[in-house]
Amino acid sequence: ATHDVLNQSPPFEDIDFFAADAPLVAAVAANGGAPASAELSDFGKHWGSAVMAERGRVANENTPKLRSFDARGNRRDEVEFHPAYHELMAHSAHAGVHNSTWTADGKPAGGAAEVVRAAKFYIASQVETGHLCPITMTRASVAALASQPDILAKTMPVIGTRAYDPSFA
């Protein structure tokens with residue numbers, strides 16, 4: 001280093017985004033989510049890690065790219081995502097941020113499912129927000145699909161999984 005930098009705060013990483021946020025902890029408890037506090041703390045530690053901060057930074061610096069044509073000039077129309085984006089999507093999907101408010105048959109999960117999901121969404125948004133758009137659209141699609149039960153029945157097995165397949169991005 002060429003000099004000491006004294007006027008900058010330390011990196012906001014390697015913390016528990018849930019436990020460090022007293023208003024969030026209070027709001028979750030006030031709305032019936034206290035039994036999920038340990039789960040949310042684990043989620044908060046994971047998303048509050050330096051590794052996840054780096055994933056968010058890399059995903060934001062490498063925005064999706066439209067590839068209209070291949071090397072030979074053939075129409076392709078594909079969007080290319082950086083692997084960091086897929087990793088963020090996978091972490092949110094594994095935690096059920098896209099589906100935890102629904103039962104396997106597409107009915108509201110009830111209880112504090114909405115509260116816990118909202119807390120996870122808020123925590124993940126502190127790292128990177130772009131990946132949360134398709135996460136939220138997936139969640140919202142279930143309510144829209146409820147008007148066509150036959151389609152909902154066909155799609156819930158896919159929406160209901162907590163696995164992430166980057167080929168669908």
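How many nonpolar, polar and charged residues make up the lining of the largest pocket? By class, that lining has twelve nonpolar, three polar and one charged residues. The structure is a predicted model.

**The largest pocket**

- The volume of the largest pocket is about 410 Å³.
- Its lining is made up of 16 residues, and those nearest the centre of the pocket are Thr138, Val158, Tyr164, Asp165 and Phe168.
- Rolling a probe the size of a water molecule over the atoms shows where empty space is left.

**Helix α7**

- Leu152, Met156 and Ile159 are the buried residues of α7. They sit on the same side of α7 because they cover an arc of only 70 degrees around the axis.
- An α-helix has 3.6 residues a turn, so residues three or four places apart point the same way.
- The buried residues of α7 pack against α6.
- Ala153, Lys154, Pro157 and Val158 are exposed, on the face of α7 turned away from its buried side. Val158 is also one of the residues nearest the centre of the largest pocket.

**Met156, a buried residue of α7**

- Met156 belongs to helix α7. Its relative accessibility is 4%, below the 20% cut-off, and therefore Met156 counts as buried.
- Leaving aside neighbours within four places in sequence, Met156 is in contact with Trp102, Thr103, Ala104, Asp105, Gly106 and Val142.
- Asp105 is 51 residues from Met156 along the chain, yet the C-alpha atoms of Met156 and Asp105 are separated by 6.4 Å.

**Helix α2**

- The buried residues in α2 are Leu40, Ser41, Phe43, Gly44 and Trp47. Seen down the axis of α2, these residues fall within an arc of 165 degrees, so they line one face of the helix.
- Ala38 and Asp42 are exposed on the other side of α2.
- The buried residues of α2 pack against α1 (22–30), α3, α4 and α5 (113–125).

- Ser49 is located in the loop between α2 (37–47) and α3 (50–61).
- With a relative accessible area of 17%, Ser49 is buried.
- The side chain of Ser49 reaches the backbone oxygen of His46 at 2.8 Å.
- Apart from neighbours within four places in sequence, Ser49 has contacts with Glu13, Asp14 and Ile15.

**Pro23, in helix α1**

- Pro23 is part of helix α1, and at 61% relative accessibility Pro23 counts as exposed.
- Pro23 and Phe81 are 58 residues apart along the chain, and their C-alpha atoms are separated by 34 Å.

**Residues with positive phi**

- Most residues other than glycine have a negative phi.
- Asp14 is not a glycine, but has a positive phi of about 60 degrees. Asp14 is in the segment before α1, and is exposed at 57% relative accessibility.
- Asp77 also has a positive phi, near 45 degrees, in a residue other than glycine. Asp77 has its place in strand β2 (residues 75–80), and at 43% relative accessibility Asp77 counts as partly exposed.

Key:
Residues are numbered from 1 along each chain as its sequence is written. This is a predicted model: local features need pLDDT of at least 70, side-chain atom pairs count only at pLDDT 80 or more; totals for chains, interfaces and linings use all residues. Side-chain values use heavy atoms; hydrogens and water are left out. On a 1 Å grid over the protein atoms alone, a cavity is a set of points where a 1.4 Å probe fits but cannot get out, and a pocket is an open set with protein on both sides within 12 Å along at least five of seven lines; lining residues have an atom within 4 Å of a point. Grid points are joined across faces, edges and corners, and a volume is the space filled by probe spheres set on the points. Ala, Val, Leu, Ile, Met, Phe, Trp, Tyr, Cys and Pro count as nonpolar, Asp, Glu, Lys and Arg as charged, and the others, Gly among them, as polar. Buried means under 20% relative accessible area, exposed over 50%, partly exposed in between (1.4 Å probe, protein chains only). Helices (H or I, at least four residues) and strands (E, at least two) are DSSP runs, numbered from the N terminus. The arc is that of the directions from the helix axis to the C-beta atoms. Contact means heavy atoms within 4.5 Å. A polar contact is a pair of N or O atoms within 3.5 Å; within protein, one must be able to donate a hydrogen and the other to accept it, and residues adjacent in sequence count only if both atoms are side-chain atoms.
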